[in-house]
There are 2 protein chains.
Amino acid sequence: MTQLELARAGRITAEMKLAAEAEGIAPEIVRERIAAGVMILPANKQRDLAQPKLIGYGATTKVNANIGTSGDWPEVEKELEKLEVALAAGADAIMDLSLGPNLRRARQEILKRCPVPVGTVPIYEAGFYGELSKDKLFQVIEDHCRQGVDFITVHCGINRRVLEEIQESPRVCGIVSRGGSFIVRWMQETGEENPLYAHFDELLELVREYDVTLSLGDGLRPGAVADATDGPQIAELLELGRLVKRAWAKGVQVMVEGPGHVPLNQIETNIKLQKRLCHGAPFYVLGPLVTDVGAGHDHITAAIGGAIAAAAGADFLCYVTPAEHLGLPDADDVRQGVIATRIAAHAADLAKGIEKAWNWDKAMSKARKELDWEQQLNLALDQATAREMRKRKNPGHRAECSMCGEFCAMKQCQ
Amino acid sequence: MTQLELARAGRITAEMKLAAEAEGIAPEIVRERIAAGVMILPANKQRDLAQPKLIGYGATTKVNANIGTSGDWPEVEKELEKLEVALAAGADAIMDLSLGPNLRRARQEILKRCPVPVGTVPIYEAGFYGELSKDKLFQVIEDHCRQGVDFITVHCGINRRVLEEIQESPRVCGIVSRGGSFIVRWMQETGEENPLYAHFDELLELVREYDVTLSLGDGLRPGAVADATDGPQIAELLELGRLVKRAWAKGVQVMVEGPGHVPLNQIETNIKLQKRLCHGAPFYVLGPLVTDVGAGHDHITAAIGGAIAAAAGADFLCYVTPAEHLGLPDADDVRQGVIATRIAAHAADLAKGIEKAWNWDKAMSKARKELDWEQQLNLALDQATAREMRKRKNPGHRAECSMCGEFCAMKQCQ
């Protein structure tokens, strides 16, 4: 049985207990929410997940870091270094998006080392070997399941109805999802239905066996602010909402992926629409990036959008690094991306009213008022950077900081 | 006559014409808005401002960079380097917050070199010399006016009524405004009324002569998310609303300063409250920072808050640098702060529906779809960083980027 089925049967599993404790939520509430589908606990039965995570209603906002090889940087070791960096920076989940040679080994090594949930996009592997048949794709998916992957992105929502929508659409940037573009190209070349849609029940049976959580990909997510919230995006979201119900009916855990590039004032609408159309299933967003012109700083454009999205109800933020739109991130980009996204997630947790988030900020501000530097540095979201900066910027070994020095407002008035 | 008085008299000044052109707004509309007080054009009569800027309703969101010496870093030359960096990164205004020796020379050199409006906080100078009498303070203000400063922050709203409010308040962080803390300490020591409040009409007469714009400081801005939108903050805002009307009655241009640290879901309320209580006067916010725990990355916590604030109607964003809460920013911090704040301002301009902001993003996305790299790099908000990163991350001299390489979604589907 899957965590969803066990929860429905009234059972609180060891993973639920562990994750509930980390979250500070009563295990029974966690069980209820998993049973209702509004919370997920991605944990492949094949592996022993040291730190299971809860994603969904009432949990803290979670942060995913994408790593993985590419044609230009095929070395698995570099990706394992990024894995360490992402975990040290506080990522709650890792996706291995490898798209170079050594795909399978990269995944194996990441799964071996990673104490938090690991996700993949199996179509990359099928696409990489140029064999986009239904059989090959399902064979790759089964291999990922068997290896222990906890959640997989599957672009099941792009069916022929939705494809018509995109073909009539005057988008600026067309299709920007890598997985989505594999599917669409295959559909256009063969004239056939998307195999992940046509054989969705078979997919459900396959993943249910391993309790692999489905992350329903948004192949038509907007890649330009001008394309946001358009017909194709919403047409696909409607399909995803239907697929959520089918997954639940088969006892399969599921979340839904979302945009992308979205202007700031359309983000809340996007979140509310997903929550309604997808029946409260957890929402996993990439960004959203609030402008198209931030190349080199897209961890910031995404942090702005991610904070707003999560405050409005998004549950899981996929990080964006400073390298987005320019190239494959290196280890430092990974670090910057995780930190920026954690800031967004935490800012949203304050807005969501999560008590432990408020206690953290209060403790920091109390330490700030008291000029207790050791405590301030301990409480910084990124301790290492704060500590290094305080040291470098305090040549006079002051009790205050070097901006106001003796004129520190904290000291002037008690 | 001030720009406000000239606008009321139906005159379109050379500065209005120049600024209107840069903005892409008809000069007559600019004149009407300046006359109504909902837009300002800070430009001291004493100097010839090369790039006058419009701040307020219908204009693009503007970005201010704070520079200035401190006790630990008193070198004027370092600040002039920061000035160049801030201007090159695209700051629309500069505030000289020097608080070390050589205060006057720093200001003089900055004014000489800066083509955009320059602001100061005169009380720092009075406070620095430990002479916080009414006469000394007004003497310093007059000196700033005569030197050519375009706008000054004056904490006029902290009167004895408001002081009672703060003394009864259970704030976590108390008073965090440097200028505000000078005023409050002086009021507590002398038992007298805040001279900037008690002699507000005299202040208006003084600045009117030079057409120096008043930036009404928020001495009680919250410095912790737990203190946001509390009694003292709103009590002061009420006073500032009254002072706005008095400034307008005397023909003095005025804007209002705002927080500070504010949880994401309280930002819109703060902006709407200011717009209502201050009768549509332009709103100049510091951040807001959406969490207290971001030390080392507060340009990001502030970019999140600034984007939301400006989208809700704030007109002018004061940058925050990565050094905030840790020390005086260096030149690189200044650069990072300006860029992050410009991203926030531009994201808000998209939300505000400003046409030239949309055209910029559309042009970028079109170039991205066409894999036209030269155009993408030219259109990046931070060209230098994007250019360097593209070069470094493209070892194979690909037509795509090194993340997806040949599997680029832009290429898979046309």
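Eight residues of domain 1 of chain A are in contact (heavy atoms within 4.5 Å) with seven residues of domain 2 of chain A. This is a predicted model, in which local features need pLDDT of at least 70 and side-chain atom pairs count only at pLDDT 80 or more, while totals for chains, interfaces and linings use all residues. Residues are numbered from 1 along each chain as its sequence is written, chains are lettered from A in the order in which they are written, and side-chain values use heavy atoms, without hydrogens and water.

Domain 1 of chain A covers 41-51 + 61-353 and domain 2 covers 356-412; the bounds come from an automatic or database domain assignment. Their C-alpha centres lie 37 Å apart. One salt bridge (a side-chain nitrogen of Lys or Arg within 4 Å of a carboxyl oxygen of Asp or Glu) is found across this interface. Asp382(A) and Arg335(A) form a salt bridge through their side chains, at 2.7 Å from N to O.

The contact between the chains takes 95 residues from chain A and 94 residues from chain B. About 7700 Å² is buried between chain B and chain A, with 68% of that area given by carbon and sulfur atoms; buried area is the accessible area (1.4 Å probe) that two parts lose on being put together, summed over both. Eight salt bridges are counted between chain B and chain A. Asp333(A) is joined to Lys393(B) by a salt bridge, with the closest N and O atoms 2.6 Å apart.
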